[in-house]
Every structure is written in C-alpha cells, then in structure tokens.
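I opened this notebook to record what I looked up in one structure. The entries begin with the chain and then turn to the ligand.

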Amino acid sequence: MSDDRLIVALDLGHALAGLDLARRLGDAVGFYKIGLGMLTGGGLALARELKDDFGKRIFLDMKLFDIPATVHEAVRGLAAFDIDFLTVHGDPHVVRAAVEGAAGRTKILAVTVLTSLDRADLDAALIRPGDLAAITVERAARAFDAGADGVIASPHEAAAIRALPGAAGRLIVTPGVRPAGAAAGDQKRIATPAAAIAAGADHIVVGRPVWQAPDPLAAAQAILGEMATG
Ligand code: C5P
C-alpha cells in the first residue's frame, strides 16, 4: 500500500503527461495534486480518471479567491468531482464560503503564505510589516477559526501551526519540500521530507524533484524512504 503522506504535484501542463507519470509511479504513489497549470490541459478530466480508474486520491490546487458567493459556487461545482482536498486562499471570508460550498464532500485547505514568497515579496504586496512566520501562523489560526479542514504552509511554520489550539484534528500540508541535495527552484522556505514530517506535516507535496527526475519512480521511492525516517 502507498504511503499517502506523499502527494506528488503533477505540474506537467497536460493531462496525458500527468497520466503517463502516474503510470510510471504505479503503486508507489497514491495521492496526486493537480493545479492551475493543468487547468487548460485537461486537469479535471485527469482528476476523474486518476480517481475512478486508478483509485488515487486527488488534491485539486485551485487556490480560489473571490467574493463569497462566487467561491461558494465554484467549490460546490468542484466538490461534485469527488475531490479529496481543494485549496482556497486563507482569508476567513473565502474559507467560510468554501467550507459551506463543499458541504463536507471535499476537505478545504487554506493557503497561508505561498512557500515561494519571502519578506521582500510581502512588502511588494503591501502585506503588513512583521515576521513572515508569525503572519503565516496567524493566518492559519484564522483559517481554522473560519472552519478550514487544514492549511498549506511551509515546513518552517508547521511546528508552530501544529501547536495552535485550533489545530487539533486539522491537516497541515507542506509544499516547499526538497530531498537532500535537490535544487530549490523558486521555493524559498524549504525543508527535507523527514524534517517536514517531524515538524508536524500530515502530507508533503513534492513536484519537480519527482517529475523532473530522470527516474521519477526512484526519486519518489527515495522521498518515501526519507519520509519514513521523519
Ligand atoms: O515543484 P515543487 O515541489 O516546488 O512543487 C510544489 C507545488 O506545490 C506546486 O504545484 C505549487 O503550486 C504548490 N504550492 C506551493 N506553495 C504553496 C501552495 C502550493 O508551492 N503555498
């Protein structure tokens, strides 16, 4: 049986490429993330196929953000696809609308602060001064208050989020995970699979270190091995 703590991000642009990768990974990986990059490349059809024909779990990473009525409708429609996890931005009004729209059919994960951002990026976006980790943990707390089933955060903030009173029974999902020696790419707040799990992550999301590897199955197996030591 696969260790579903590992979620592989299928950021491949087209459903056929995603399907090919999932076939190569076989039983080693049981949980896939489909994101905005595949929206126009058949992402929803791929989600259906991976779920219905391959028995995989699906995390749809849409990072929705809009007025509550629109978020509610978007989530209601997506929840009908029998998706396991769906992301929205962690602003409380967005989270509340999404949780209502999902009506328990899909777990709503709130994005705290993107793992590709650092303090300079927050300054550019006019986000209030202060420590990035503290802002991330505060956004997580507010998302939990608004009813989120879990949050997306960097492994660096996972332990502090896990310690929040509102975190009991909620999920922490961490992208920005890099096996020892792997290229960071555009991720700025990274950690190894073992460190992310040790910090309290329920799931880690890994993309490029798997799908860009010459041997994706070997790369996934190495990550699973590293995770097991966490
Ligand atoms: O290739 P890499 O391992 O960096 O992929 C990480 C994935 O996690 C990407 O699909 C990215 O969109 C997603 N993600 C992220 N940071 C967040 C939320 C999602 O990197 N805060």
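My entries on the chain and its ligand follow.

I note that this is a predicted model, in which local features need pLDDT of at least 70, side-chain atom pairs count only at pLDDT 80 or more, and totals for chains, interfaces and linings use all residues. Residues are numbered from 1 along each chain as its sequence is written, and side-chain values use heavy atoms, with hydrogens and water left out.

**The chain.** I looked up the secondary structure and found ten helices and eight strands (DSSP runs, H or I of at least four residues for helices and E of at least two for strands, numbered from the N terminus). Along its principal axes the C-alpha trace spans about 45 × 40 × 35 Å.

**The ligand shell.** Which residues come nearest to the ligand? Of the 16 residues around the ligand, I recorded Asp11, Lys33, Arg178, Gly207 and Arg208 as nearest; a residue is near if one of its heavy atoms lies within 4 Å. I found that β3 (57-64), β8 (203-206) and α9 (208-211) each supply at least two residues of this shell.

**Polar contacts.** I then looked up pairs of N or O atoms within 3.5 Å. The side chain of Lys33 has an N or O atom 2.7 Å from an oxygen atom of the ligand. For the side chain of Arg178, the distance from an N or O atom to a ligand oxygen is also 2.7 Å. In Gly207, a backbone N or O atom lies 2.8 Å from an oxygen atom of the ligand.

Technical notes:
Polar contact = N/O pair within 3.5 Å; in protein donor to acceptor, adjacent residues only side chain to side chain.
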